[in-house]
Amino acid sequence: MNSPILSELLSFLDSLPEPRIVMDADYRIVAANAAYLREFSGGTAVAGRFCYEVSHRFDVPCDQAGESCPLKLSLEAGASQRVLHLHHTPRGDEHVAVETMPIRDDKGRIAYFVETMRIVRQASSRPAAWGLVGRSPAFVAMLDKVLRVAPSDAAVSLLGETGTGKDLVAHAIHEASARAAGPFVAVDCAGMTETLFESELFGYEKGAFTGAAHRKQGLVEAASGGTLFLDEIGELPLTLQVKLLRLLETGTYRRVGGLEWLPADFRLITATHRDLRAMVQEESFRRDLYFRINTFPIHIPALHERAEDIPLLANSLLARVGRQCRRRFSPAALAWLAGRRFSGNIRELRNLIERATLLADGELIDIAHLDDPADAVPAAPPVSDDAFRLSEVVDLATLERRYLAWARSRPDGDPAALASRLGVSPRTLYRKLQTGRAG
């Protein structure tokens with residue numbers, strides 16, 4: 001690609017509102033548009049620097065540091081590729097959806113890559129007073145699926161344990177969709193009777209039954225142009241599953257006591273902690289309804305699957321439930337929370353923190369405010385004899401070297417399995433182990 005064409009490309013990118021950079025195949029930034037400089041570098045020039053240095057503070061490409069590299073994926077596929085990364089910004093680390101597109105020269109060879117960055121507004125990697133919060137691999141994998149399905153109208157099924165925040169994920173999908181300006185209507189399916197289900201979901205006409213003194217709008221109608229969220233759909237009786245299936249298959253409904261079929265216009269999101277596949281086998285959940293609602297399933301990780309997020313979540317929840325804005329946890333309290341198993345997931349964590357804010361008189365929340373002897377849920381298990389321990393504060397490089405040596409020496413320290421559990425590639429683990437031996 002010659003310079004005049006490159007100049008024309010850069011001029012075009014500079015007029016676009018979304019942050020974009022141009023890179024060569026060696027990961028070096030050729031240029032960045034004004035939006036990128038404003039959002040990601042604080043106005044500091046980035047041309048000539050490596051993309052992984054600017055975005056992650058890495059000294060090697062992302063794929064060599066255990067991350068997915070969109071440039072490498074795009075080069076291998078010869079087409080645009082998307083990944084979700086934690087990018088460094090002037091405001092701190094933020095979740096960023098990255099799309100990398102190859103640019104070819106007049107001979108069809110890839111000469112440059114244009115990378116587009118979109119900051120994810122629906123989730124935070126830092127303590128936040130609202131919305132989704134997390135940065136663990138399990139959380140990022142879930143968030144990536146949320147962002148991929150949100151722009152479509154596909155039915156989404158949120159699957160996970162009770163208390164994992166499925167309602168917040170449903171809100172995030174709605175807010176990232178083309179229906180964000182429309183209503184978000186939530187329906188709790190647990191305990192629904194047939195009469196209540198029909199009147200709540202479809203509404204009723206005046207005089208439809210005793211006490212129906214006026215026409216009532218149903219939740220399907222209220223969700224028009226937006227999202228209908230059916231929570232705990234696994235609790236819906238078979239008789240009501242038939243009525244829901246008819247609504248989804250025909251896209252129409254009729255008010256109780258009405259004659260006119262009305263069009264439905266909503267995006268469906270369902271959630272359950274039940275194993276719907278097992279329920280289908282037991283014939284307690286309709287197979288045809290299961291396939292209708294399960295177009296795009298998303299697993300919502302339990303808190304033990306994202307334990308590294310607990311301190312971040314704890315600080316976020318403290319801001320949400322605390323009566324004093326200066327409240328904070330002691331380091332010991334955060335460590336105690338991080339080592340605890342929460343069977344009730346985020347809901348249990350929130351309840352524990354709210355109780356602590358009522359017990360603490362000052363600004364500092366300590367273990368004594370969190371640990372209740374009457375609490376039936378056990379705290380962290382006792383430390384075993386072969387647990388990883390440090391008797392002194394060491395630098396991070398030494399900490400990593402000692403931890404990897406300990407992990408490798410364990411009976412379940414198979415390199416491939418260990419790399420998976422550490423959330424890095426086998427190549428990255430091998431490099432770190434070799435560096436540790438050399439050191």
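Tutor: A residue is called buried when its relative accessible area is under 20%. Keep in mind as we go that the structure shown here is a predicted model.

Student: With that cut-off, what percentage of the 439 residues in the protein chain is buried?

Tutor: Buried residues make up 42% of them. As for the surface, the protein chain exposes about 22,600 Å², and carbon and sulfur atoms supply 53% of that area.

Student: How many helices and strands does the protein chain have?

Tutor: There are 18 helices and 18 strands in the protein chain, whose C-alpha trace spans about 80 × 65 × 45 Å along its principal axes.

Student: How should I read the order of the open sheet of five strands, and which strands stand at the edges?

Tutor: Two strands count as paired if at least two bridges are found between them. In this open sheet the order is β2-β1-β5-β4-β3, and the pairing is antiparallel. Strands β2 (29–32) and β3 (81–89) stand at the edges with a single partner strand each, so one side of each is left without a neighbour in the sheet. On average, neighbouring strands of this sheet are turned by 30 degrees against each other, direction ignored.

Student: Which strand pairs with β3 over nine bridges?

Tutor: That is β4 (residues 92–104), in the antiparallel sense; within β4, histidine 95 is the bridge partner of leucine 86.

Student: What packs on the sheet?

Tutor: Helix α4 (residues 70–77) does, touching β1 (20–23), β3, β4 and β5 (110–119), with its direction at about 160 degrees to that of β3. Helix α5 (residues 137–149) also packs on the sheet, where it touches β3 and β4, and its direction makes about 125 degrees with that of β3.

Methods:
Residues are numbered from 1 along each chain as its sequence is written. This is a predicted model: local features need pLDDT of at least 70, side-chain atom pairs count only at pLDDT 80 or more; totals for chains, interfaces and linings use all residues. Side-chain values use heavy atoms; hydrogens and water are left out. Helices (H or I, at least four residues) and strands (E, at least two) are DSSP runs, numbered from the N terminus. Buried means under 20% relative accessible area, exposed over 50%, partly exposed in between (1.4 Å probe, protein chains only). Accessible areas come from the Shrake-Rupley method with a 1.4 Å probe; for residues, only the protein chains shown count as cover. Axes are lines fitted to C-alpha atoms, for helices over the stretch in contact, and angles run from 0 to 180 degrees between N-to-C directions. Contact means heavy atoms within 4.5 Å.
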